[in-house]
Amino acid sequence: YDPAHVGGRGKPLPDLYAHAAGRLGVSPARCLVVEDSVTGVLAGVGAGATVWGLLAGGHIHPDSGAALREAGAVRVLAGHGELRAALGLTALA
């Protein structure tokens, strides 16, 4: 089983996020997707979820934030620490 593909269709198609929301028994519109790639943002937006971009990972470059916003991310976070704070989570011990 490859979690990046549902029914043979991967990102940027929305199938993965629609499938995950369905398994949770909620509408994708009630979900928050956090993605670090334009392809992932497009998948989340296509599923109807709220999408935040995350600038973390080896493929991030200076214009990544703008690219994630252009793809539909409603918020772009500078890293995992900022994500934890935005979600109201405490730092890992």
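Ser-64 lies in helix H3, where helices (H or I, at least four residues) and strands (E, at least two) are DSSP runs numbered from the N terminus. With a relative accessibility of 7%, Ser-64 counts as buried; buried means under 20% relative accessible area, exposed over 50%, and partly exposed in between, using a 1.4 Å probe and protein chains only. Apart from neighbours within four places in sequence, Ser-64 is in contact with Leu-55 and His-59, contact meaning heavy atoms within 4.5 Å.

The model is predicted, and local features need pLDDT of at least 70, side-chain atom pairs count only at pLDDT 80 or more, and totals for chains, interfaces and linings use all residues. Residues are numbered from 1 along each chain as its sequence is written, and side-chain values use heavy atoms, with hydrogens and water left out.

Helix H3 lies across E3, E4 and E5, and runs at about 150° to E5. For such angles, axes are lines fitted to C-alpha atoms, for helices over the stretch in contact, and the angles run from 0 to 180 degrees between N-to-C directions.

The three strands form an open sheet in the order E3-E4-E5, with parallel pairing. Two strands pair if DSSP finds at least two bridges between them. E3 and E5 are the edge strands, each pairing on one side only. Direction ignored, neighbouring strands of this sheet are turned by 25° against each other on average.

Strand E4 is mostly covered, as four of its five residues are buried. E3 and E4 run parallel and are joined by four bridges, and Val-33 stands opposite Val-51 in E4. From E3 the chain crosses through H2 to E4, in a right-handed β-α-β crossover. Right-handed here means that, with the strands pointing away from the viewer, the path from the first strand over the helix to the second runs clockwise.

On its other pairing, E4 is joined to strand E5 (residues 75–77) in the parallel sense over three bridges. Leu-77 in E5 is the bridge partner of Leu-54. The chain passes from E4 through H3 to E5, and this β-α-β crossover is also right-handed.

Helix H2 covers residues 38–47, and its buried residues are Gly-40, Val-41, Ala-43, Gly-44 and Ala-47. Seen down the axis of H2, these buried residues fall within an arc of 160°, so they line one face of the helix; the arc is that of the directions from the helix axis to the C-beta atoms. An α-helix has 3.6 residues a turn, so residues three or four places apart point the same way. The buried residues of H2 pack against helix H1 (15–24), strand E3 (32–35), strand E4 (50–54) and helix H3 (64–71). Just after H2, Gly-48 takes a positive phi of about 95°.

Two further sites remain. Pro-12 lies in the loop between strand E2 (9–10) and H1, and the peptide bond from Lys-11 to Pro-12 is cis, with omega near 20°. Ala-86 belongs to helix H4 (residues 80–86). Its relative accessible area is 28%, so Ala-86 is partly exposed. Leaving aside neighbours within four places in sequence, Ala-86 is in contact with Trp-52, Arg-75 and Leu-77.
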